[in-house]
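The tour begins at one residue and then moves out to the whole chain.

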Amino acid sequence: MPEITELTASHALVKNFLETYKDEPLILKKLWVDATIAETEAAQRSKSGKNSPAAHELPYPLRSNSVIERGPYRAQQRVYPEFLAKTKTEIATCGFRLKNTEFNPRNLIFQLVSLTSAQLWIQVQFLTHTVVQIYRACQWTDSICQTAYSVRHFRVGLALDFGTWVIAFLTLDNMFTPFYATKRARLPAQHADVYAEFPEWLNAVVEWAAQRARNGDASRSRFAMYVIRDARDVWGGVGVYTVAEIFFMAGLSPFLTEAEIFDCPSRFARLCEAYYTFAATAHEGIWDFIRPHVKDNHFLAVRNEDRLRYQDWLHVHAKSRVWMSERMSTLLKRHTAVMKSNTLPVSARLATDDEIQKWLREPGTFYDVFEPTLIRAGLEKTANLGHLVFGGADVWCSMGGVAWTSDNPLDAYFRQRNIPLSAEASFLDTTLYATPFLTAVKRSWVPSILYRIDDSDVWSIHFPFPDASLPFNYHTASQSFRSYTFETCSEAIRAAHLFAYIVKCTMSYAVGPLDFCGVARIIKDT
């Protein structure tokens, strides 16, 4: 899944471009694409196509008779607008002028208006990591259009050609979905934005969680981290590294199951506020972050060492040292001690489930490793979930917070399920939070831990739960509590996956808006 910070960066780049060049007549002339591998091979075999740009791995403009499609299997969409194709209308004859751009989770949306006030709305849905670059016409024709995709190492998923400028969506694999409409309301796949529309987004998440809870316990024993990554419609922009970051910020172990998080008011609320805070950081700070690397207000280019800057935005993913406050360090030491003290020897782990003496991960057996300062932006907004985080409106108000209890969908969700709010059931040591927010949150550090969980890398600070432990809401005797296989990576493997090592010592990509295919590399300053 594309990560929310990278998507926000692409939107910021386009928005700044429109503000800078607002007086230029950005009238849409062409739509360009790169062929897929299958399309390239078909063109190479064809007598009429063997000399075409597609056969030579070069981008080419679409005509109204184009039938190519892009998107996920069985849900692909035509790349050329169907309503124009039906009338054999070439897009250059319509006079659509670019007027505005909008951010939506997993999507960038463009509004174009003709001289006759006809509208064209374009929605580009990111399915995998995608970079937006804006080229001058000379860069596009003399460089991109002359270089095979196997040489430049990225694909032009879709490019909007405005004559003097080209806005290009660059990918590794052509995985995106285009949508077109003559009215904004007709665009599909719209999702609430956690940052701009938090109450609406929260309502969508509650509906999603309620639906899954109605499915029964057996479907909620997966690690929550993976359930969230699969739920793109509500957790849009939460990919492999964002999920590790928001779990860290919320004080959650990556080994918690879906039910352990979403049946606990405090954990559910903390995760929501962590996602909001992560998104707020991106929306409010990403332009200042990428601006030094935007050349002539339109083109993103970096030196190799520039890529290292994004490390400072991360808490745990691919970090060598994970910094934290003193109280968070204390909580981590306690948490680790409990996990280790309840870890069975190898001989016991090999026993059958019935032979293992199980214990429940109930409130009071351990505390979550949580630092409220990490989600301060979420807890200080008007529509905050502080009373759910800390176990009640009275508790939160005594800490200086303002409780949002009227029309709060998460509050109503737990009332409907007869799950009360209480500090005792929050998995928090509330004695540590008399002062909820600290000025210094980087007083101590621990080495990060890299796990391989079902062939996926997960960075954390948490020691795994003991084999004999079970979720606190475990009720079904036949339910397996070994739903995932995982291993702790060796120090050598961990070192080879660190952000700094990837940037300095490999040709691979790390993460972040400065670090993917299509981001130009500065070799030498002129």
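**First stop: R361**

Select R361, which lies in strand β15, spanning residues 359-361; strands are DSSP runs of E with at least two residues, helices are runs of H or I with at least four, and both are numbered from the N terminus. The model is predicted, so local features need pLDDT of at least 70 and side-chain atom pairs count only at pLDDT 80 or more, whereas totals for chains, interfaces and linings use all residues. Residues are numbered from 1 along each chain as its sequence is written, and side-chain values use heavy atoms, with hydrogens and water left out.

R361 counts as buried because its relative accessibility is 6% (buried means under 20% relative accessible area, exposed over 50%, partly exposed in between, with a 1.4 Å probe and protein chains only).

**Next: its partners**

Display the side chains of E260 and R361, which are joined by a polar contact of 2.7 Å (a pair of N or O atoms within 3.5 Å; within protein, one must be able to donate a hydrogen and the other to accept it, and residues adjacent in sequence count only if both atoms are side-chain atoms).

Beyond four places away in sequence, the residues touching R361 include F255, F366, F427, F465 and F472 (contact means heavy atoms within 4.5 Å).

**Last: the whole chain**

Zoom out to the protein chain, which has 18 helices and 21 strands. Of its 526 residues, 56% count as buried. Its C-alpha atoms fill a box of roughly 70 × 50 × 50 Å along the principal axes.
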